[in-house]
Amino acid sequence: MTPRILLPVLLTCLPLSANAQVFDGPGNPPSSSGTPSSSGGGSAPPKSPFGQEVPVMNPGSEIASWNGQNWNISDQRLYRARFEKYLAAPAATTAQDQAYRDLMLGAMKALSPNNPGGPNVAKCVTLTGQAADHPIDARLCDSLNQAVYSVVLFKKNAKLLGEMNKALEQKRKDEAWNLRMSCGPTTTQPPSTGADGKPAPTVTQQVNEFSTAGGHIKKLVEIDATRVANAAKMTSAELKAKVEFQAMIVQLFLQRRFEHCILASRLYRALFEDGDAGLKLKEGSDVEKLFIQSTGVTPTVSALDAMASEAIRDVDEGVQAFTYLIERNELESASKRLGEAFIMGEYMPKIRTLEREKKAKVSEFVREGNQLISAIDVKDYTLAETLVEAMRKSAKDFDYSKPRAAIETARSTSSLHLMQARSAAIAKDDKAVADNIAKAAMIWPTNPDLKAFSTQVASYGDMNTRVLSDLDTLIAQKNYREIFREQTKYAGAVLGKPEYETKLKTVMDEVGKVERVVMAADEMIKVGDHAGAWERLEEISKTFPDDNEINRRRAELSRKNPEFIHAITEARRHEDNARTGISLSWYLRARRAYPNSLMAKQGIERLSDKILPEK
Amino acid sequence: MARRRSISPLRPTLIGLAVLLIAGGALAWMRRPGTVEFAAGTQPFPAREFLDNFFGLRGNRYLAQGRITEQLRFGPDRRRLFALSITDTSLTEPCEVGLLVPASFGSLNIQTGQEFQILVEVDQEGLLRAIDLKKS
């Protein structure tokens, strides 16, 4: 994997974590601003650290992976917000902006090996000090200068330590001489009583001589220890100074401040002239793996310098590509190229000085694109469809296949659930209706058909309740004929409600009886048996006294059989008053008027049994 | 003055008795079977009035002339219930009424279609009870 691919990864991770990556891998998990993207598709954790400890990006799918999570680069809300803000911002072409760029350029030139007299650190520091006052710099030049000052202080301290060690060296020599001098014959040679005749030294003398020598030895040891400590201090101080400076270089690189990174790299080389430019990375750390596994070599400050320059070039090329695509009205590609350049080189001059008019051409498209992403996120497919159509019109290279597929899939699935809900409603399966409506709403909450169907179900529910209430009222009134007349309406309303189904069935059975009698009576009327028809109707009217059909026919027939009807009526009247004899007479009279009369026959039988029971 | 014959006080009495005997005999002879009218003096049964308002006829006896149309019941106590069709000039058609014949007439053969003169009494419920029957 090339550094080029790693670069955007590192840059993307910057908004998520600002931790320095020099000596240790990412200590904390990514921040919550990273939204895992479903479109990118997460994969199983790879065996290499890339995608896990070390963030990487797949340029094909624009998915960045870190610690097992995936983010769609262009789908980051934070990124989208920053990009839109950039598109709306004016070009940084004011005099102040130009002055800043001139200062930065001047500072880089001051450190160039081709600068007359060689790299001029003091001039560079002067220029960066002025650049730090510009808002766009975010005081990074000031931080750079602080780092330079730290190195200066280190060097001063090192010089002092060096001088101290020189002094200690001289002192050591003096002490060594003193030691040699303090060591007398008794200390340097064995005692003798030989030819010179000198008497042997006394014990006291010998002790004194050893004590003096010991003192000198002690001082020598102290001096050596101090010198070693001073040397160690100088070494550690140098290492510390290098490490701190390198940390800043890496940090600037990761912050995409490539110009500052280049400046820092060159200052490093100018300040630490020992040629040791290798990055002091913690062995086995993720960042070390990043460089070694990607570049195959031990990372150096120069490598960072080169990578920063490459990044600047890449940004410049991206802007050029954007400009070209804008001219061809290929807004989608243009916005993508500009977006990629922006991710990498947000603070680069080319990006900062891009004309607002050019940015405005993609601004609307980008805004609609972000709106489309949001609309699909919240499943507002109506708005999404509108946006897709608008973007198709504005950009000839807009790839609408993905959003269109998402919209159509959601629409189809939601509609399918609505159809199932309608079927369930017809079958009076309330649970299935609720389930399908819930599923349809989950897929496409703003589906207009869903709203219409829900309204329909609600109003149907109200209407259904009213119909059932009407049914209850009519049953209480025994107005079965009205129920019979509207049987279709009531039949639909009682579906799925066993209690009402039973009621309606009972009513229909009763009315059925009436209808059969009415039909039979009509047939009898056709053949001229008016008295018989009247009898049938008269009998059924006891059960349904308010049935209009019965009563209407009875009234008509009563005009055609007055004698028979009068006889039956009188017979009943007398029978009801327990006047059996006269009642019998009237029944007999009715039978004479209509020999086939069932009423008369039954009446005669009844009264005969009453007058003269056979048993 | 001439002397009147003396009359016995028993003579008027004897004459009176003789007259009564003669009258009774004549009456008996006149009312011998086959020679005396059945239920003479009884009002004919008012069928129209009976149907319209029988209340005023309750407890009264009438002579009904009619035809047995049906035997409705034969009771275990030998009483019989018939349908009697009475011809009444005030009605356009015969009036059929219920006739209860008591057990005392149990030996009398009454069949459908036969004509009878019946002395009937209207009971409280409007039923005609036969007091006497005579085949026409």
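**Labels and their grounds**

Modeller: Start with a helix pair: helix 14 and helix 15 of chain A are roughly antiparallel to each other. Keep in mind that this is a predicted model.

Colleague: What makes helix 14 and helix 15 of chain A roughly antiparallel?

Modeller: The angle. Helix 14 (residues 381–394) and helix 15 (residues 401–426) of chain A pack at about 150°. The label needs an angle over 145 degrees. The pair is therefore roughly antiparallel. Their axes are 10 Å apart, and the crossing is left-handed.

Colleague: Which residues of helix 14 of chain A meet helix 15 of chain A?

Modeller: Tyr381(A), Ala384(A), Glu385(A) and Val388(A). Facing them in helix 15 of chain A are Pro403(A), Arg404(A), Ile407(A), Ala410(A) and Arg411(A). By class, that contact has six nonpolar, no polar and three charged residues.

Colleague: How do you know that helix 11 of chain A is largely enclosed by the rest of the structure?

Modeller: A residue is buried if 20 or more other C-beta atoms lie within 10 Å of its own. In helix 11 of chain A, 15 of the 15 residues are buried, so the helix is largely enclosed.

Colleague: What span does helix 11 (residues 331–345) of chain A reach, and what is expected?

Modeller: Helix 11 of chain A reaches 20 Å from first C-alpha to last, close to the 21 Å expected.

Terms used:
Residues numbered from 1 in each chain as written. Chains lettered and ligands numbered in written order. Predicted model: local features only at pLDDT ≥ 70, side-chain atom pairs only at ≥ 80, totals over all residues. Axes fitted to C-alpha atoms, helices over the stretch in contact; angles between N-to-C directions. Helix = DSSP H or I, 4+ residues; strand = E, 2+ residues; numbered from the N terminus. Parallel < 35°, antiparallel > 145°, perpendicular 65-115°, else oblique. Left-handed = near helix turned anticlockwise from the far one by under 90°. Contact = placed C-beta atoms within 7 Å. Nonpolar A, V, L, I, M, F, W, Y, C, P; charged D, E, K, R; others polar. Expected span 1.5 Å × (residues − 1). Buried ≥ 20, exposed ≤ 12 C-beta atoms within 10 Å, placed from the backbone.
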